Amino acid sequence: MPGEASKAAAIIGAAEANDIGYPQTPKSSLTLHIEAINNVCEMTGIPIAAIDGIFSAGWSPQIAEYLGLHPKYIDTTAVGGCSFEMHVHHALAAIHAGVINVALVTHGEMGFSQRFTQGKGTGRPGGAGDPWDPGTQHTMAYGLGGAPTSYSHALNRHMARYGTTQEDFAEIAVVTREWATLNPRAVMYRKAGEGDLPPLEKGEWGGGKRGHTFGGPITVDTVMNSRPISWPIKLLDVCLVTDHGGAVLITGPELARTSKTPPVWIAGAGESISHWNMLEMGEFTKTSAGRSAAAAYKMAGMGPEDMEMAMIYDSFTVTAGITAEMLGLAPEGEGFRLWKDRHAAPGGRLPINTNGGGLSFNHSGMYGMQLLVEAYRQLSGTAEDGGFSGDPGKQTSARSCVVNGTGGSLSTTGTLVLVSDD
Amino acid sequence: MADYTKPIPSPDPVSQPFWDGAKEGKLMLPRCDDCNRVHWYPRVICPFCHSMNIEWVEATGRGTIHTFAVQHNKGLVARGWGDEVPYVTAYIDLAEGDRMLTVLKGVDPNDPESIQIGGAVQIEFEEASDDVHIPFWRPV
């Protein structure tokens, strides 16, 4: 039996900003938000002025001010890349409760281009936050910094506990890249057989730091031979750092029926947290996605066996592998097999990360919005439309999708069960 | 000591007994007077039973490696650690319970296969400043 809130609301449209990836001309994070919002409102026919609830990872007051809106519901939950899946959960609840009619979930992040603006004007705050914060005080001495420096500990633990190997996880990167070669919007898009792109000129894209070629198909050897970042994590186990803007609109059933675009129903939603600082993580091979997925499946009255595709946050290959286990799509310790045995690949029984993933499509720092946009495109049958998001991607036949965002250091999770319109 | 160039933590009133112990080479841990469980990091409330009766006890300074990683990327590690790469970070399961982050001493970062998850380790302290001695761990 589905829960009371199941299908009380639908995602009625999803769009991206005009330039994503590595744009030639950087745009501000706010501009990326606004382009996506304008695009999603045009595609659905819902005017911007009709938005009465704003959900974003920290930006909601600025978005409201910039658009001259006076929303009745303001949610600025920012708990890492899964924030956007949680926003959908919260929007579902707010619409179900009758508080609002049109929810906007929005994202804009110049993950790549911020290197051009850092240090200009007031710049970003440079401090490490409150030195008395216990997470800071008891970890700062050991130099952990960027996300790869933490996530590597989980991969090593998984290998020790289950006997998995670095090669097993490399399969995830290989198959995900295969999807990217089918999606012209993907940063790593390049068809097999096409020659190498010319190396980037020095001075272009970050002072020549990226003076190498990339894109196109890869093999397990390519991943294994990429440079070590935080052993056992190597460069090609790590997601991209790009620009992205995206927005989705969520309404109740009545408005959903009047949209120019097909609704994709929110059948189930759940969220959870196991820790914030990795210091407080319990078992390093499990995340709170076990709990958030149980809640989402329960609300939907569906289970993992009912899912025809999955969008799984892949900040790292280990994130995707462990999460597939937590979502019940594979036995514990065997998540990687979905990719290695090609079930997750184009033509497989359970397509996963059909846009090319955070690993090879786009990852702006927070990737939860990219998951939502692709899930909408697939389940609404619009993945091959150029439309408001530029080039077409690869359409699958899936009618149901489990979407799972992961934030922090394998800390926070939001799970959605989305289904196509009947 | 004056040449310690890596980040030095700032003790606060809640954690002060830990840092006082560190200066004397002792591992002091917070323990709940009601449920008797040790927790880390230090809190004013027990995270297991929510009692506020917290006492400090001297621990054995022994533990095992829960998991570890080798940090290779200068640009990703925190200020001061860039010149140390490659180095090994690890989470240590304390003999008394709960877990600490550390940098492992006495291991070869270029041979991670030689480091054992589950292997026994012992704490030691490095004098980073007059007030702060930082705990590190080393395989026994």
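This is a predicted model: local features need pLDDT of at least 70, side-chain atom pairs count only at pLDDT 80 or more; totals for chains, interfaces and linings use all residues.
**Exercise 1. Get an overview of chain A: how many helices and strands does it have, and what percentage of its residues is buried?**

Start with the secondary structure: chain A has 15 helices and eleven strands. Next, turn to burial: of the 422 residues in chain A, 57% are buried. Finally, look at the contacts with a separation of 6 or more in chain A: 76% of them link residues 24 or more positions apart.

**Exercise 2. Work out the strand order of the nine-stranded open sheet in chain A, and find which strands lie at its edges.**

Step one is the order, which reads β3-β2-β4-β7-β1-β8-β11-β10-β9 in chain A, with mixed pairing. Step two is to look for strands that pair on one side only: these are β3 (73–75) and β9 (309–312) of chain A, the edge strands.

β9(A) and β10(A) (residues 400–407) run parallel and are joined by four bridges. Within this pairing, A:A310 has A:V402 as its bridge partner, and A:I312 stands opposite A:N404.

Which residues of β9(A) point one way, and which the other? In a regular strand, side chains alternate between the two faces of the sheet. Here A:M309 and A:M311 point one way, while A:A310 and A:I312 point the other way. All four of these residues are buried.

α11(A) (residues 289–300) lies across β8 (264–273), β10 and β11 (412–420) of chain A, and runs at about 150° to β8(A).

**Exercise 3. Find the residues that touch the most other members of the largest nonpolar core.**

Nonpolar side chains tend to be buried together in soluble globular proteins. The largest core here has 155 residues, and those touching the most other members are A:I250, A:I266, A:L372, A:C401 and A:L418. Among the secondary structure elements, α7(A) gives the most to this core, with eight residues.

Take A:L372 as a worked case. Leaving out residues up to four places away in sequence, A:L372 touches A:A14, A:F84, A:V88, A:V248 and A:V403.

**Exercise 4. Check the length of helix α6(A) (residues 148–162), then ask what covers its buried residues.**

First, the length. The helix has 15 residues, so at 1.5 Å a residue it should span 21 Å; its end C-alpha atoms are 21 Å apart, which agrees.

Second, the burial. α6(A) is mostly covered, with eleven of its 15 residues buried; among them are A:P148, A:Y151, A:L155 and A:H158.

Third, the cover. From chain A it includes α7 (166–180), β5, β6 (233–234) and α12 (317–326), and from chain B it includes β3 and β4.

Last, the residue that follows: A:G163 comes after α6(A) and has a positive phi, near 75°.

**Exercise 5. Describe the side of chain B that touches chain A: which strands supply it, and how do its residues divide?**

Count the residues on each side: 30 of chain B are in contact with 26 of chain A. Then assign them to strands: β3 (62–71), β4 (87–94) and β5 (99–103) of chain B each supply at least two residues. The largest share, five residues, comes from β3(B). By type, the chain B side divides into 18 nonpolar, nine polar and three charged residues.

To finish, look for strand pairing between the chains. β5(A) (residues 228–231) pairs with β3(B) in the antiparallel sense over two bridges. Here A:W231 stands opposite B:V70.

Note on methods
Residues are numbered from 1 along each chain as its sequence is written. Chains are lettered from A and ligands numbered from 1 in the order in which they are written. Two residues are in contact if their C-beta atoms, placed from the backbone, lie within 7 Å. Ala, Val, Leu, Ile, Met, Phe, Trp, Tyr, Cys and Pro count as nonpolar, Asp, Glu, Lys and Arg as charged, and the others, Gly among them, as polar. Two strands pair if DSSP finds at least two bridges between them. The expected span of a helix is 1.5 Å times one less than its number of residues. A residue is buried if 20 or more other C-beta atoms lie within 10 Å of its own, exposed if 12 or fewer, and partly exposed in between; C-beta atoms are placed from the backbone. Axes are lines fitted to C-alpha atoms, for helices over the stretch in contact, and angles run from 0 to 180 degrees between N-to-C directions. A nonpolar core is a set of buried Ala, Val, Leu, Ile, Met, Phe, Trp, Tyr and Cys residues joined through C-beta atoms within 7 Å.
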